[in-house]
Amino acid sequence: GTLMQLAAAFNQAGATDEAAARADEALKIRPNNAAALLLRGEVAIARQEWDAALAAYREILKQNPRDFVAGNNVAWILAEKKNDPAAALAIVEDIRKGRHATQPIAPERLPPEFLDTLGVVYTKLNRSDKFPEMRSVFEAAARRYPSDPRMLLYLAKAFAETGERARALDT
């Protein structure tokens with residue numbers, strides 16, 4: 001409760017050492033405290049400590065394999081900082097299954113931050129068999145978030161990679 005509010009306040013103020021110390025205190029009381037683990041991950045990202053961030057977020061995913069924030073951040077770190085887009089793809093595909101796992105969550109129901117991570121993963125993966133999927137995801141994403149330039153950027157990349165050069169240039 002109060003410990004995590006204090007930790008969050010320190011983190012917002014940029015006092016990462018204080019924030020981390022409070023999160024660690026909370027983790028001593030309850031080792032699987034998701035809020036404290038999330039904060040530890042944020043602090044590690046701010047410090048560019050990628051392995052520490054991955055450890056915190058993976059601990060959350062052990063408890064809740066569909067946690068959007070933790071999954072998104074693990075995938076982003078794997079693709080962007082660890083150059084392991086294949087592992088990142090497995091994470092985002094798992095997260096996209098949602099709670100009921102019958103169909104992947106439709107792109108227009110995904111938050112823009114997650115779509116941005118998905119775009120990074122597809123781009124870094126650079127697999128021709130995934131570009132048609134990227135195209136359909138970002139066609140829907142660009143309709144849903146028309147003012148977000150990231151959606152258009154990934155859509156243009158997908159058009160270019162699927163041989164639609166004119167549409168890529170227009171986009």
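Which side chain does the side chain of lysine 130 make a polar contact with? The partner is glutamate 93, at 3.1 Å; a polar contact here is a pair of N or O atoms within 3.5 Å, where within protein one must be able to donate a hydrogen and the other to accept it, and residues adjacent in sequence count only if both atoms are side-chain atoms.

Some housekeeping. This is a predicted model, so local features need pLDDT of at least 70 and side-chain atom pairs pLDDT 80 or more, while totals for chains, interfaces and linings use all residues. Residues are numbered from 1 along each chain as its sequence is written, and side-chain values use heavy atoms, without hydrogens and water.

Back to lysine 130, in the loop between helix H7 (112–125) and H8; helices are DSSP runs of H or I, at least four residues, numbered from the N terminus. Lysine 130 has 12% relative accessibility, so it is buried (under 20%; exposed is over 50%, partly exposed in between, with a 1.4 Å probe and protein chains only). Beyond neighbours within four places in sequence, its contacts (heavy atoms within 4.5 Å) are Leu89, Glu93, Tyr122 and Leu125.

Next, the aromatic pairs. Rings of Phe, Tyr and Trp (its six-membered ring) pair if their centres lie within 6.5 Å; planes under 30 degrees apart are stacked, over 60 edge-to-face, the rest tilted. The count is 3. One of them is tryptophan 50 with tryptophan 76, edge-to-face at 5.9 Å and 70°. Tryptophan 50 is in helix H4 and tryptophan 76 in helix H5, so the pair ties together parts 26 residues apart in sequence. Tryptophan 50 is buried at 17%; tryptophan 76 is partly exposed at 25%.

Definitions and conventions: Helix = DSSP H or I, 4+ residues; strand = E, 2+ residues; numbered from the N terminus.
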